[in-house]
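Please look over this note with the model open beside you. Take the points in order, and find each residue as you go.

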Amino acid sequence: MSSTTRITVTLPTEQVDELRKLTDNVSGYVAEAVARQIRHQFLGEDLRRHQEEHGAFTDEELAEARAKILGPTDQSHHTDAA
């Protein structure tokens, strides 16, 4: 188990009200949100460095990355009645 540090965070009342509707563990919820944001920033920095070294991503590379993250998108899905 990792160590923790108690801090005080000030949030708008409306956000606190919504948080309490979503979870009984506000600290855990906020900790996960902070961890996600930190990962997002590290990833952004990694992507920026990669592009500085290797050039901008191609449309094909971006499409492949989106498919890996979001799953394939089927553009041919029809809603025709049989």
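1. Start with threonine 23. Buried or exposed, and why? Threonine 23 is buried, because its relative accessible area is 17% and buried means under 20%. This is a predicted model, so the value is computed from predicted coordinates.

2. Now place threonine 23 in the chain. The residue sits in the loop between helix 1 and helix 2. Its side chain makes a reach of 2.9 Å to the backbone nitrogen of asparagine 25. Find that pair of residues on screen before moving on.

3. Buried residues make up 2% of the 82 in the protein. Threonine 23, at 17%, is buried. The accessible surface comes to about 8,100 Å². Carbon and sulfur atoms account for 53% of that surface.

4. Next, the overall build. How many helices and strands does the protein have? The secondary structure has three helices and zero strands. Read from the N terminus, the order is α-α-α. Helix 1 covers 13-22 and helix 2 covers 26-54. Helix 3 covers 59-70.

5. Turn to the largest pocket. The space in it is about 610 Å³. Its lining has 15 residues. Ile7, Val9, Val26, Ser27 and Val30 lie nearest the centre of this pocket. Helix 1 and helix 2 are the elements that give two or more residues to the lining. Helix 2 supplies the largest share, with five residues.

6. What classes of residue line the largest pocket? Nine are nonpolar, four are polar and two are charged. Check this against the sequence as you trace the lining.

7. The second largest pocket has a volume of about 210 Å³. Which residues line this pocket? They are Leu43, Leu47, Phe57, Glu61, Leu62, Ala65, Arg66 and Ile69. Helix 2 and helix 3 each give at least two residues to this lining. Helix 3 gives the most, with five.

8. Sort that second lining by class. Six residues are nonpolar, none are polar and two are charged. The lining of the largest pocket, by contrast, includes four polar residues.

9. A last point on helix 2. This helix gives five residues to the lining of the largest pocket. Helix 2 also supplies at least two residues to the lining of the second largest pocket.

Technical notes:
Residues are numbered from 1 along each chain as its sequence is written. This is a predicted model: local features need pLDDT of at least 70, side-chain atom pairs count only at pLDDT 80 or more; totals for chains, interfaces and linings use all residues. Side-chain values use heavy atoms; hydrogens and water are left out. On a 1 Å grid over the protein atoms alone, a cavity is a set of points where a 1.4 Å probe fits but cannot get out, and a pocket is an open set with protein on both sides within 12 Å along at least five of seven lines; lining residues have an atom within 4 Å of a point. Grid points are joined across faces, edges and corners, and a volume is the space filled by probe spheres set on the points. Helices (H or I, at least four residues) and strands (E, at least two) are DSSP runs, numbered from the N terminus. Ala, Val, Leu, Ile, Met, Phe, Trp, Tyr, Cys and Pro count as nonpolar, Asp, Glu, Lys and Arg as charged, and the others, Gly among them, as polar. Buried means under 20% relative accessible area, exposed over 50%, partly exposed in between (1.4 Å probe, protein chains only). A polar contact is a pair of N or O atoms within 3.5 Å; within protein, one must be able to donate a hydrogen and the other to accept it, and residues adjacent in sequence count only if both atoms are side-chain atoms. Accessible areas come from the Shrake-Rupley method with a 1.4 Å probe; for residues, only the protein chains shown count as cover.
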